[in-house]
Number of protein chains: 4
Amino acid sequence: MEKLNVAILGATGAVGQRFIQLLENHPWFQVAELVGKSSAGQRYGDAVNWVLDSNPPASVLDIVIKPLDSELDSTLVFSALPKEAAVEREPALAAAGHIVCTNASAHRMADDVPLLLPEVNHEHIALIDVQRKNRGWTTGALIANSNCTTMPIVMALAPLKQFNISKMLVVSEQALSGAGYPGVPSLDVIDNIIPYVSGDEGKMETETLKMLGTFVDGKIEYYESTVSATATRVPVIDGHMINMSISMDDAPSMEDILQAWANYETPPEIAMLPSAPEHPVQYLPQIDRPQPRRDRMAGNGMTTSIGRLRECPILGYKFAALAHNTIRGAAGCSILNAELLAVKGYIPNFQPQIAQNALT
Amino acid sequence: MEKLNVAILGATGAVGQRFIQLLENHPWFQVAELVGKSSAGQRYGDAVNWVLDSNPPASVLDIVIKPLDSELDSTLVFSALPKEAAVEREPALAAAGHIVCTNASAHRMADDVPLLLPEVNHEHIALIDVQRKNRGWTTGALIANSNCTTMPIVMALAPLKQFNISKMLVVSEQALSGAGYPGVPSLDVIDNIIPYVSGDEGKMETETLKMLGTFVDGKIEYYESTVSATATRVPVIDGHMINMSISMDDAPSMEDILQAWANYETPPEIAMLPSAPEHPVQYLPQIDRPQPRRDRMAGNGMTTSIGRLRECPILGYKFAALAHNTIRGAAGCSILNAELLAVKGYIPNFQPQIAQNALT
Amino acid sequence: MEKLNVAILGATGAVGQRFIQLLENHPWFQVAELVGKSSAGQRYGDAVNWVLDSNPPASVLDIVIKPLDSELDSTLVFSALPKEAAVEREPALAAAGHIVCTNASAHRMADDVPLLLPEVNHEHIALIDVQRKNRGWTTGALIANSNCTTMPIVMALAPLKQFNISKMLVVSEQALSGAGYPGVPSLDVIDNIIPYVSGDEGKMETETLKMLGTFVDGKIEYYESTVSATATRVPVIDGHMINMSISMDDAPSMEDILQAWANYETPPEIAMLPSAPEHPVQYLPQIDRPQPRRDRMAGNGMTTSIGRLRECPILGYKFAALAHNTIRGAAGCSILNAELLAVKGYIPNFQPQIAQNALT
Amino acid sequence: MEKLNVAILGATGAVGQRFIQLLENHPWFQVAELVGKSSAGQRYGDAVNWVLDSNPPASVLDIVIKPLDSELDSTLVFSALPKEAAVEREPALAAAGHIVCTNASAHRMADDVPLLLPEVNHEHIALIDVQRKNRGWTTGALIANSNCTTMPIVMALAPLKQFNISKMLVVSEQALSGAGYPGVPSLDVIDNIIPYVSGDEGKMETETLKMLGTFVDGKIEYYESTVSATATRVPVIDGHMINMSISMDDAPSMEDILQAWANYETPPEIAMLPSAPEHPVQYLPQIDRPQPRRDRMAGNGMTTSIGRLRECPILGYKFAALAHNTIRGAAGCSILNAELLAVKGYIPNFQPQIAQNALT
């Protein structure tokens, strides 16, 4: 099978780098075009200030970065653009026929944009047909993944949806990479924490309900629940921790909840995707887990780790959940989304072989 | 005025060191006796591994540490003993006529032991008379200060008691010094947080209600409210942050709450105490405060800083509170407690002069 | 005595903030004018992102920041400008009659600019007369303090100059505040160190020899020695550590060296200055000191702490030295320099009273 | 090929854990016996406080830990014992016929114990025959790897031996994992560094010369050079950085040095070993590298990264070197040593197949 060429928008930023790192040796996709704003015209190897471990893969060093408004050859486009740049550019690319999988927040809450977390709401993908009809797009589409702090909330709660969650009170302890690069100055966060993350509390309170919602009659019916979010920043490189207290109308037992997490099964068509983890959620029995440094790489950074389930005398139950914010909460999720689109036939002229077999 | 000699139990530990640091140059008290277990018989200067800034004060270096079961000359005794050592030794000293101000948890929840935070519940001091009667003590007494994480909860909520707080959901981000020394290994907490602090959640859920309670008919009627606590550890040296969501039956406005904090007045007999801060609570208007490193030393480490008041769609209001855990939350509070006891005449043969004037 | 009004250039930056903090309650000087570039026209309280502990002093909040090219009323000007802005503006102000005490590197190595560390080279102040003559200035002057990493090297070695130091090999472990604000991104330095600090190695190799030099015949004869510097950045907020190995022609004994540090006396006219520490250097006998967090505030941040003197099988002796980089290594030194200028009569129409007495 | 069963002494400690982690899925060896002191008699899964990422491999959880003085079935034994325990137990096991590859310091400097770093001094393996003769051992042997801070010094300098290095002045910035677990208390090292690491300076000054030495006439002739070492501790999880200045009698050019590193070739019989990195050393051209967090995992933690080569005005040249202290500097090196012993036929009744082919 020939690999599909893909483009990355915002390729020199922190999330753009993570896209490049995760796509290195990807079985279906290969990075062919890199797009940037201030870096346009430079070799990627010269332009990038690589902030991840080690060095950028040799395969991208010589790619010359294209300007933001370039026409692109790649059908599949991953976007790590800042919100402001995404507002106009992403729909323009979709209108021009590209499949745009974006990590930007600009269009997440639009009625006809799926906010996709494949194990949880793969059926939201049907919104693409609505989107194309609404906007007059033929082969293009715009698919978003959620805010990086919303993501572990949704993944931990999806198995519990069945119990009718009426209230979700969450307090995050977020990693520094969530703020991009240069991001949080070290003088602000050594021997310190910051009880505020600009914009995140609102996203956690709205995106969660859309993602847990149901696709009905051509639109997403939001999950009915009340979310109260507090976002804080801690001196951790990667891995967002969420402390959650929830109320559930159906009053499950503690055992019911543990079973729901243990039995949470990924549909086979998703489990077979190259970036899908074996377990989307895992429950850790140790009393002091999950921990960011020790658990963020579970499932190659794609598994959400849960721990410390216990009764909450106010809301019912409380527990902690952790996910890798720039893998599962950003670039990794966007790639998984694109893999799902591929097997579902949404990417024109590209059908991955493995999917052919597995879907029969 | 001649200063009163005091003894410190557990003098080489982290809290013991903070007692020594805070008592250096104290206007009423002077350190005369140091007591320890494994360090007994050594010069303090030889025995101590000083973990605070700089070096131990010259005045204590040559004091020879007495064994734990020594008879003590000092009427006033500060205890930084571990719980196990405190169980028997503290009441024994009180029975022998000593005023024991303890930071240990061993006796905090005993019915006749005041859990004292002077600005909040100075009237609980009357429990000493009950205690003496119960236990047959004449001039001795045992007075506790709270757990270091409970303390900022109580201080931030005391001004709001008037609105009838029915629910308190708190998530802490606690500093490393709360675990003593050697305490948390660095390998556990660099680039990491730990979602568990042994024993603290229970203390936060019980001590809070005792401290906010009322002295009636010789006992403390606990404040009626439900507390749900989550305790986490973060890589911060000093300063415990509490994220709180609360329900209040009287549904005050946001302005009411801000006014309650702004107008929270210390009774004059407490405001005059040497260790009392000018403001027991302060509200910081900046969107990203309080922060441990920047705000822990407010009021010489004795002021609790509050910020980020906003509506909580589930419980009513939410905000953050921060206090210095080894000053206001431990040794500093114990010293303030002793100062209150002194002006109230509970320390035999010692009446500080300043109090005489100020109380008229 | 009426206090002297002073101006601060670059007042919103990290070093500018430290000037303001240290000048609050200064006995001789009071902040009257604040000067900035992008912040000009705003209230200081609105413009500043205060990065030090607590909050900016109330006394400066309402001062409206003046543009960089403003005429200033204050005779004494402290400069925390970036190098580029300092190049032209500082001499222009001196030419206009101002005494400019600068922390910028722009003019440090100019032949007629004193690089002043009062305890070490107060006689370099005579260079001001040369400077005025050279440049046609009458009452104005330009006086620099050194790079923050050079400073502890010079202070630790000044007492050993007498032994004829022929080689100085230094490896620094520098704090984050040395890079200003926002400075080093947290993603670069949590669980990490950086073996490179732009520009500092060169400054350490040249400024050291000028500062240790001698004023002879109207110019500074540089100290004759070879310096090899390696600069690294570590995740510490404040306090630069220097690991030094040195060769001395006179081959002193270890005891000679310890005595030289112990006996290093500040001339009385400097010891009396308000910002002068009781001991410019102190030797710590503990095997694991100095340490940045524990020793940086020695002498209110103005004392250099030395430790671990031992033989170096290659160069002779080795030891560690530590100083607070934004106090003694920047703003605090600049203020001490201005105090020296004041008592020496270099500030027109201002003679501090205390000096009058002390000098008799 | 059947895998060879191996035993791990000190299996619950930090280095013991790293042995287990690195041996999981090893092509030749499999963990069969675990040995401990206080943990003896417990299931490994119950006894271990796993401090590495994620969780211990499932394959070892049910192994019951044997007491320290147990007879062992495994011919090959890896030791992560503390020095005190190693003194007697390691030679006793070798005397009983075991091949003991140890990370302990107890016997490193014994005349007949090879201090092995295969790429650098594989010929020292011949010392085993001397050892057996000296001690009357038949099939057993005791082979040590070096101190974790010595290791990057030796690896970086081995390619330069040819230029006759006469002086080596090194200043380390060492990671926390070098102190084991619990090791360095977090209160000692957050916002701080410690200018002292117990015992390491001496090891760096002696082990280096043994490792760079030559096997002649049945013994190691030490490399002739003078080493001056300073050891400091920094808040980094893994990865020891060494700042080095060196003198070389043959005065190579900078290009000569870079070539020596680039051309440093591993003998084929070592390059084929399963744990051997493709490049034992790599030179990073970026001005601010190597960095611990970004470069410690180069070559799966087995490659030493070098950077910042420049002239030293005192000694000739200076540069920085970095290696992963618990992989290449401890367990990983010990495993590589055992692999070398296997292909060289020193492990009775075990000959790995791959080696058979590769050696022809």
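## Where chain D meets chain B

Between chain D and chain B there are 4 residue pairs in polar contact, counting pairs with both residues at pLDDT 80 or more. Keep in mind as you read that this is a predicted model. On the side of chain D that touches chain B, the residues split into 10 nonpolar, 3 polar and 1 charged. As for salt bridges across the interface of chain D and chain B, the rule finds 0.

In terms of extent, 14 residues of chain D are in contact with 14 residues of chain B. Together the two chains bury about 1400 Å², and carbon and sulfur atoms give 71% of that area.

## How chains A and B pair up

Now for the contact between chain A and chain B. Chain A can be superposed on chain B by a rotation of 180° with 0.0 Å of shift along its axis, at an RMSD of 0.0 Å. This is the relation of a two-fold axis. Both copies use the same surface, as 100% of the contact residues of chain A recur in chain B.

Chain A brings 47 residues to this contact and chain B brings 48 residues. The area buried between chain A and chain B is about 3800 Å², with 56% coming from carbon and sulfur atoms.

## Polar links between A and B

The pairing of chain A and chain B includes 10 salt bridges. One to inspect in your viewer joins A:D191 to B:R296, where the closest N and O atoms are 2.8 Å apart. The interface of chain A and chain B also holds 32 residue pairs in polar contact, again with both residues at pLDDT 80 or more.

A search of the whole structure, over all chains, turns up 0 disulfides.

With a relative accessibility of 4%, B:C312 counts as buried, since the cut-off for buried is under 20%.

Note on methods. Residues numbered from 1 in each chain as written. Chains lettered and ligands numbered in written order. Predicted model: local features only at pLDDT ≥ 70, side-chain atom pairs only at ≥ 80, totals over all residues. Heavy atoms only, no water. Disulfide = S-S within 2.5 Å. Buried < 20%, exposed > 50% of the residue type's maximum accessible area, 1.4 Å probe, protein only. Contact = heavy atoms within 4.5 Å. Buried area = accessible area lost by both parts, 1.4 Å probe. Salt bridge = Lys/Arg side-chain N within 4 Å of Asp/Glu carboxyl O. Polar contact = N/O pair within 3.5 Å; in protein donor to acceptor, adjacent residues only side chain to side chain. Nonpolar A, V, L, I, M, F, W, Y, C, P; charged D, E, K, R; others polar. Least-squares fit on C-alpha atoms with pLDDT ≥ 70 in both.
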